[in-house]
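Hi,

Here is the structure I said I would pass on. Have a look at it first, and my notes on what turned up follow below.

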Amino acid sequence: LAAIARKDGSPKNRKDAMFWLTQARGNEGAEIVAPVMFDDADPKVREHGAFAISQSKWPQATSSLIRLGNIDRDPHVRSQAWFWLAQTKSAETENAIRAAMQKEPERRVREQAVFALSQLPEDRAARALIAIAEDKALSREERKKAIFWLGQMKSDSAVLYLDKVLTANVK
């Protein structure tokens, strides 16, 4: 599996091997997958590496996904790293995504990062999205996306926040 993940000519085979390495070989498998996730020439393979790592119990999964979201050369891979980080429900997710949004040059990656925050457990997602909505340093579009995702939630805190926003200027 390691040889296939690293060198096989078929991206599909490399992706399958990465998944099974993280599933069947635990930390040892994740240690093999991480360099592929960072260094493979094919962005689809790197993106799949993020998925495979996110499904593992590897202690460095969170830090590796954060690193990938910050440094990968492909915007889609960066946005998928944030999505898969949120799926891990790591306590570091909100701070990592907020920090990345401050320096991310691509609008679509920032908007996908907002979506990733919406995937957190409901109370955490609501707090994170409210923080985005209120952050005037972010673009209006990013703040609107946060409000959109808040509107999709059933959380009491999301509903209370939206009610406050909607009635703020009503006299």
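This is a predicted model: local features need pLDDT of at least 70, side-chain atom pairs count only at pLDDT 80 or more; totals for chains, interfaces and linings use all residues.

**What I found**

Leu 1 sits in the segment ahead of helix 1 (2–7). Together with Ile 4 and Trp 20, Leu 1 makes up a nonpolar patch on the surface, with about 300 Å² of accessible area between them.

**The overall picture**

The protein chain has eleven helices and zero strands. Its C-alpha atoms fill a box of roughly 70 × 30 × 20 Å along the principal axes. Of its 171 residues, 48% count as buried. The accessible surface is about 9200 Å², and carbon and sulfur atoms hold 51% of that. If you take the contacts with a separation of 6 or more, 56% of them are between residues 24 or more positions apart.

The largest nonpolar core has 52 residues, and the ones touching the most other members are Ile 53, Trp 82, Ile 97 and Leu 150. Leaving out neighbours within four places in sequence, Leu 150 is in contact with Ala 126, Leu 129, Ile 130, Ala 158, Tyr 161 and Leu 162.

**Salt bridges**

I count ten salt bridges.

- Arg 124 pairs with Glu 94, with the closest N and O atoms 2.7 Å apart. This pair links distant parts of the chain, as Arg 124 is in helix 9 (residues 122–134) and Glu 94 is in helix 7, 30 residues apart. Arg 124 has a relative accessible area of 19%, and the cut-off for buried is under 20%, so Arg 124 counts as buried. Glu 94, at 16%, is buried too.
- Arg 110 pairs with Glu 142, and here the closest N and O atoms are 2.2 Å apart. Arg 110 belongs to helix 8 and Glu 142 to helix 10 (residues 140–151), 32 residues apart. Both Arg 110 and Glu 142 are buried.
- Lys 164 meets Glu 134 at 3.7 Å, N to O. Lys 164 is in helix 11 (residues 156–167) and Glu 134 is in helix 9, 30 residues apart. Glu 134 has a relative accessible area of 41%, so Glu 134 is partly exposed.

**Two loop residues**

Lys 89 lies in the loop between helix 6 (75–88) and helix 7. Its phi is near 60°, a positive value in a residue other than glycine. With 46% relative accessibility, Lys 89 is partly exposed.

Glu 106 is in the loop between helix 7 (93–103) and helix 8 (107–118). Not counting residues up to four places away in sequence, Glu 106 touches Pro 75 and Arg 78. Its relative accessible area is 31%, so Glu 106 is partly exposed.

Cheers

Technical notes. Residues are numbered from 1 along each chain as its sequence is written. Side-chain values use heavy atoms; hydrogens and water are left out. Patches are made of residues with over 30% relative accessible area and no salt bridge: like charges are joined within 9 Å, nonpolar side chains (Val, Leu, Ile, Met, Phe, Trp, Tyr) within 5 Å. Accessible areas come from the Shrake-Rupley method with a 1.4 Å probe; for residues, only the protein chains shown count as cover. A salt bridge is a side-chain nitrogen of Lys or Arg within 4 Å of a carboxyl oxygen of Asp or Glu. Helices (H or I, at least four residues) and strands (E, at least two) are DSSP runs, numbered from the N terminus. A nonpolar core is a set of buried Ala, Val, Leu, Ile, Met, Phe, Trp, Tyr and Cys residues joined through side-chain atoms within 4.5 Å. Buried means under 20% relative accessible area, exposed over 50%, partly exposed in between (1.4 Å probe, protein chains only). Contact means heavy atoms within 4.5 Å.
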